[in-house]
Amino acid sequence: MTNSYHPVEQSKRTAIVDILRGWAILGVAIGNYLDFLYIGIEREIKHSTFSEVLLYVNRYLFAAKSWTLLTLLFGFGFAILINNVASKGKNPVAFFAWRMFLLFILAFINSAFWLGDILKDYAFLGLVLLLFYRCSAKTLAIISGVIVLTIPFVMAYVNGIKIEHPAIASNPEYLKLYHSGNWIDFFRFNLLASFYEQIIIPGYAITAHYVMLGCMLFGFLLQKLNFFNRLRELKSLLKNICVISFALAVIIGIGFNIIIIYKVEFLKIFHPLYWLVLSTMIFISTGICLLYINGKLKTVFSYFSAGGKMTLTNYMTQNVLAGIIFSGIGFGIADSMPYWFYFFLAISVFIIQLFVSKWWLSKYNYGPIEWLWRSASYREWVPFKKAQPEVVADIKMV
């Protein structure tokens with residue numbers, strides 16, 4: 001079956017967006033792998049000094065900053081895709097709804113291997129984004145701004161909502177499924193945990209999705225402003241944003257810790273955690289953008305770009321590998337290792353993926369899962385193998 005609209009060509013991709021995706025998928029891998037430390041019967045965990053240092057590195061550089069950045073970039077990609085389809089005279093709503101249905105299928109597969117899947121959230125919010133695809137940049141700025149400003153109030157309110165549910169990841173009866181060595185039991189454990197510990201938990205089902213929607217709309221806004229293609233022109237603005245976001249992160253972080261230490265009742269009406277997360281995420285992202293336009297770390301960025309082009313494949317592969325390594329279907333080490341082990345295992349897997357991604361993209365146009373998703377989305381086989389294998393070129397500066 002053929003049609004008159006096709007995916008955005010690889011040569012027309014914006015390099016910095018793939019670099020940022022690469023950075024985000026590193027943080028996601030670290031966060032997901034560290035979560036395996038807590039799949040087991042609840043107990044007091046004592047960390048070594050080295051692990052304590054890594055704990056703070058993760059807390060302030062990666063935790064939640066990575067998935068919020070990845071979510072922002074999803075909104076950016078949504079806008080590009082919608083524009084591409086609409087420019088061909090096709091119905092963007094029908095096309096994108098079908099694409100999100102396919103993402104739900106991938107999400108189900110991924111959830112069978114990992115209880116912390118985020119693809120289902122993207123598929124759901126991708127459909128919600130269709131309500132905003134005709135909005136102007138001004139409207140998107142207002143809506144995303146209102147969401148960001150109200151996040152602390154929403155989080156404080158939602159934290160007061162309690163829903164009884166089984167703690168799958170720490171319940172001995174359910175843990176038998178995880179450690180049984182049977183694939184069906186393993187899938188049941190992860191799917192049950194995905195439902196009880198994500199889908200019905202108000203803090204995730206409401207607050208996290210509210211934050212994701214704000215990030216996606218902001219990413220949509222950046223595409224309308226052609227932001228990532230104007231980085232050199234906006235260099236002065238980037239520097240200001242970098243400094244201001246860092247200052248805000250420090251101020252909010254200090255204030256937040258004081259509130260926690262002294263157990264101030266303030267958190268029941270105003271919880272600024274995601275303000276800290278978003279300000280830090282913006283600081284890190286603008287810092288990467290500044291390094292990029294200044295011509296720094298070209299070789300490193302070329303690998304991150306390759307990894308970012310294969311975000312979906314790398315993300316799902318990370319989760320499948322982790323399931324095999326930590327559960328009963330593999331080595332069964334789950335919560336038995338020190339904190340630093342999970343941290344460096346995630347980094348090691350990611351580094352290997354960068355090299356594999358660069359090699360793969362020298363021969364193929366897309367990652368294998370990206371290619372399947374695109375082909376199914378467009379309902380035709382999009383070109384997979386390059387006509388003539390070539391080495392992935394170093395990133396050209398904007």
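## Serine 170 and its surroundings

Leaving aside neighbours within four places in sequence, serine 170 is in contact with Gly40, Ile41, Glu42 and Leu175, where contact denotes heavy atoms within 4.5 Å. Serine 170 is placed in the loop between α6 and α7 (172-179); helices (H or I, at least four residues) and strands (E, at least two) are DSSP runs numbered from the N terminus. At a relative accessibility of 17%, serine 170 counts as buried. This class covers residues under 20% relative accessible area, with exposed meaning over 50% and partly exposed in between (1.4 Å probe, protein chains only).

The model is predicted: local features need pLDDT of at least 70 and side-chain atom pairs count only at pLDDT 80 or more, whereas totals for chains, interfaces and linings use all residues. Residues are numbered from 1 along each chain as its sequence is written, and side-chain values use heavy atoms, with hydrogens and water left out.

## Packing of α3 against α11

Helix α3 (residues 65-87) and helix α11 (residues 273-293) pack with their axes 9 Å apart, at an angle of about 70°. Axes are lines fitted to C-alpha atoms, for helices over the stretch in contact, and angles run from 0 to 180 degrees between N-to-C directions. Angles under 35 degrees count as roughly parallel, over 145 as roughly antiparallel, 65 to 115 as roughly perpendicular and the rest as oblique; α3 and α11 are therefore roughly perpendicular to each other. A crossing is right-handed if the near helix is turned clockwise from the far one by less than a right angle, and left-handed if anticlockwise. The crossing of α3 past α11 is right-handed.

On the α3 side, the contact is made by Lys65, Trp67, Thr68, Leu69 and Leu72, and on the α11 side by Tyr274, Val277, Leu278, Thr280, Met281 and Ser285. By class, the contact of α3 with α11 comprises seven nonpolar, three polar and one charged residues. In this scheme Ala, Val, Leu, Ile, Met, Phe, Trp, Tyr, Cys and Pro are nonpolar, Asp, Glu, Lys and Arg are charged, and the others, Gly among them, are polar.

## Packing of α3 against α9

The axes of α3 and α9 come within 7 Å and cross at roughly 50°; the two helices are therefore oblique to each other. α3 passes α9 in a right-handed crossing. From α3, Trp67, Thr68, Thr71, Leu72, Phe74, Gly75, Phe76, Phe78, Ala79, Ile80 and Asn83 meet Ala208, Val211, Met212, Cys215, Met216, Phe218, Gly219, Phe220, Leu222 and Gln223 of α9. The contact of α3 with α9 has 15 nonpolar, six polar and no charged residues.

## A mostly covered helix, α5

In helix α5 (residues 119-129), nine of the eleven residues are buried, and the helix is mostly covered. The buried residues are Leu119, Lys120, Asp121, Tyr122, Ala123, Leu125, Gly126, Val128 and Leu129. They pack against α3, α4, α8 (183-199), α9 and α13 (311-326).

## Aromatic pairs

Rings of Phe, Tyr and Trp (its six-membered ring) pair if their centres lie within 6.5 Å; planes under 30 degrees apart count as stacked, over 60 as edge-to-face and the rest as tilted. Across the whole structure, a search finds 40 aromatic pairs. The rings of phenylalanine 78 and phenylalanine 96 have centres 4.5 Å apart and planes at 85°, so the pair is edge-to-face. Phenylalanine 78 in helix α3 and phenylalanine 96 in helix α4 (residues 92-113) are 18 residues apart, and the pair links distant parts of the chain. Phenylalanine 78 counts as buried at 1% relative accessibility, and phenylalanine 96 is buried with a relative accessible area of 2%.

Phenylalanine 153 and phenylalanine 270 form an edge-to-face aromatic pair, 5.0 Å centre to centre with 75° between the planes. Phenylalanine 153 lies in helix α6 (residues 137-159) and phenylalanine 270 in the loop between α10 (235-261) and α11, so the pair ties together parts that are 117 residues apart in sequence. Phenylalanine 153 is partly exposed, with a relative accessible area of 47%, whereas phenylalanine 270 is buried at 13%. Ring pairs also link Tyr33, Phe36, Trp114, Phe326, Trp340, Phe341 and Tyr342 into a cluster.

## Positive phi angles

Asparagine 226, although not a glycine, has a positive phi of about 55°. Asparagine 226 is found in the loop between α9 (202-224) and α10 and counts as partly exposed at 36% relative accessibility.

Arginine 379 is likewise not a glycine, and has a positive phi of about 60°. Arginine 379 lies in the segment after α15 (368-378) and, at 45% relative accessibility, counts as partly exposed.
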